[in-house]
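Let's take a friendly walk through a protein model, one topic at a time. Keep the structure open while you read, and look up each spot as it comes along.

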Amino acid sequence: MTGFFDTHVRTDDVTETLTWLQQAYGHVDVQADTASFAERAVGDDEFALRNLVWDCRAEVVYEADRFYVATSTPGYGWRIGRHSGDFSVEPALIQPGHEMIGRPDRTEIQLLAFDTRRLTEAARVIYGDDELEARFDGLHPVSRRLRDYWLATLRWSLTQTPLLHEPLVRAHVRRSLTAATLEAFPLVGDPRERRASALEQASVYAAAAAWMDDHASLPVTIDDAAAAVGTSRAGLRRAFAANGQLASTPEDYLALARMSAAHADLVDRDPGATTVTEIALRWGFTDAAAFATAYRAAYRVDPEHTLRR
């Protein structure tokens with residue numbers, strides 16, 4: 001992921017408000033002599049979280065160039081084609097190429113945006129379908145339960161905003177929001193086939209992660225892990241890309257498992273009877289200096305300090 005941004009805009013000037021809104025959202029008509037507007041946008045090339053506070057009445061005509069999902073406090077009515085509603089009643093999804101006419105009236109809106117290509121790539125990984133296109137067959141969540149799941153995921157994501165400058169945090173938040181959106185809103189196609197594929201990949205991931213945890217002390221490879229759980233190397237990579245929260249590749253997961261085991265050894269071992277180098281070798285780290293560097297990155301302390309504390 002690249003292009004991280006965290007932008008803030010706040011103005012009480014009608015002309016400035018209108019200028020900013022038209023630059024960002026196309027045709028906007030502010031219907032007030034006095035108006036204030038604020039926006040914070042945090043994200044990167046793949047997704048963004050936007051919070052907009054409208055202390056005025058306006059009309060927005062916007063043709064979407066990516067996927068948007070929105071929810072708001074009371075006061076944001078909208079129309080897309082023959083459909084209309086209010087974002088405070090139920091979140092709604094806007095697809096690329098669709099024109100939305102919005103009428104905010106002293107309201108606050110939370111807006112989630114996804115890059116079109118990246119959302120399609122994520123959907124293909126999650127559902128194991130290289131031909132899948134991210135297109136939706138409706139504007140609203142498919143059920144009340146999934147609506148609540150999507151809203152809960154969004155609320156949790158907003159608590160992570162102060163940490164989104166960290167790439168790993170951002171990746172975790174983006175993956176969670178992507179999965180929630182793809183599950184909550186009705187993708188075109190057979191949802192039963194997609195869900196079966198996603199469940200199969202989750203099962204492969206869980207089995208492979210457990211196998212690597214159990215065999216981390218042995219000279220095993222990713223091919224060994226794939227064979228042990230009955231899949232191919234490509235299948236294993238897909239399962240980790242779709243489900244891996246700690247690590248998105250099996251290689252990274254195995255390295256983390258070995259590092260975690262080495263850390264436990266450093267905590268438990270008698271410093272008079274062993275050395276950091278011996279523990280590193282026991283868990284497959286042949287370069288003691290590289291192990292120390294990786295350990296400090298993971299635990300923010302030197303391995304020698306852990307061993308002798």
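Helices here are DSSP runs of H or I with at least four residues, numbered from the N terminus. By that naming, Asp265 sits in helix α8, which covers residues 250-268. One thing to keep in mind: this is a predicted model.

- Is Asp265 buried or exposed? Its relative accessibility is 11%, so Asp265 counts as buried, because buried means under 20%.
- The side chain of Asp265 makes a polar contact of 3.0 Å with the side chain of Trp283.
- If you skip the neighbours within four places in sequence, the residues touching Asp265 are Ile279, Arg282 and Trp283.

**Two helices that pack**

- To describe a pair of packed helices, you give the angle between their axes and the distance between the axes.
- Which residues make the contact? From α2 come Leu119, Ala122, Ala123, Ile126 and Tyr127, while α4 brings Thr178, Ala179, Leu182 and Glu183.
- Sorted by class, the contact of α2 with α4 has seven nonpolar residues, one polar and one charged.

**Aromatic rings**

- How many aromatic pairs are there? The count comes to twelve, going by rings of Phe, Tyr and Trp whose centres lie within 6.5 Å.
- Take Phe37 and Trp54: their ring centres are 5.1 Å apart and their planes meet at 70°, so this pair is edge-to-face.
- Phe37 belongs to strand β3 (residues 36-43) and Trp54 to strand β4 (residues 47-63), so the pair ties together parts that are 17 residues apart in sequence.
- Both Phe37 and Trp54 are buried.
- Tyr62 and Tyr68 also pair up, with ring centres 5.7 Å apart and planes at 75°, so they are edge-to-face.
- Tyr62 is buried, and Tyr68 is too.
- There's a cluster to look for as well: ring pairs link Phe37, Trp54, Tyr76, Trp78 and Phe87.

**A buried spot in a loop**

- Where is Gln95? You'll find Gln95 in the loop between β8 (92-94) and β9 (99-114).
- The relative accessible area of Gln95 is 3%, so this residue is buried.
- Leaving out neighbours within four places in sequence, Gln95 touches Ala64, Arg66, Phe67, Arg135 and Phe136.

- Most residues other than glycine have a negative phi.
- Arg106, in strand β9, has a positive phi near 50°.
- With a relative accessible area of 49%, Arg106 is partly exposed.
- Arg300 also has a positive phi, near 60°, and it lies in the loop between α10 (288-299) and α11.
- Arg300 has a relative accessibility of 75%, so it counts as exposed, since the cut-off for exposed is over 50%.

**His305**

- His305 has its place in helix α11 (residues 303-308).
- The relative accessible area of His305 is 47%, so His305 is partly exposed.
- Along the chain, His305 and Val276 are 29 residues apart, and their C-alpha atoms are separated by 9.8 Å.

Conventions
Residues numbered from 1 in each chain as written. Predicted model: local features only at pLDDT ≥ 70, side-chain atom pairs only at ≥ 80, totals over all residues. Heavy atoms only, no water. Contact = heavy atoms within 4.5 Å. Helix = DSSP H or I, 4+ residues; strand = E, 2+ residues; numbered from the N terminus. Nonpolar A, V, L, I, M, F, W, Y, C, P; charged D, E, K, R; others polar. Buried < 20%, exposed > 50% of the residue type's maximum accessible area, 1.4 Å probe, protein only. Polar contact = N/O pair within 3.5 Å; in protein donor to acceptor, adjacent residues only side chain to side chain. Phe/Tyr/Trp six-rings, centres within 6.5 Å; stacked < 30°, edge-to-face > 60°.
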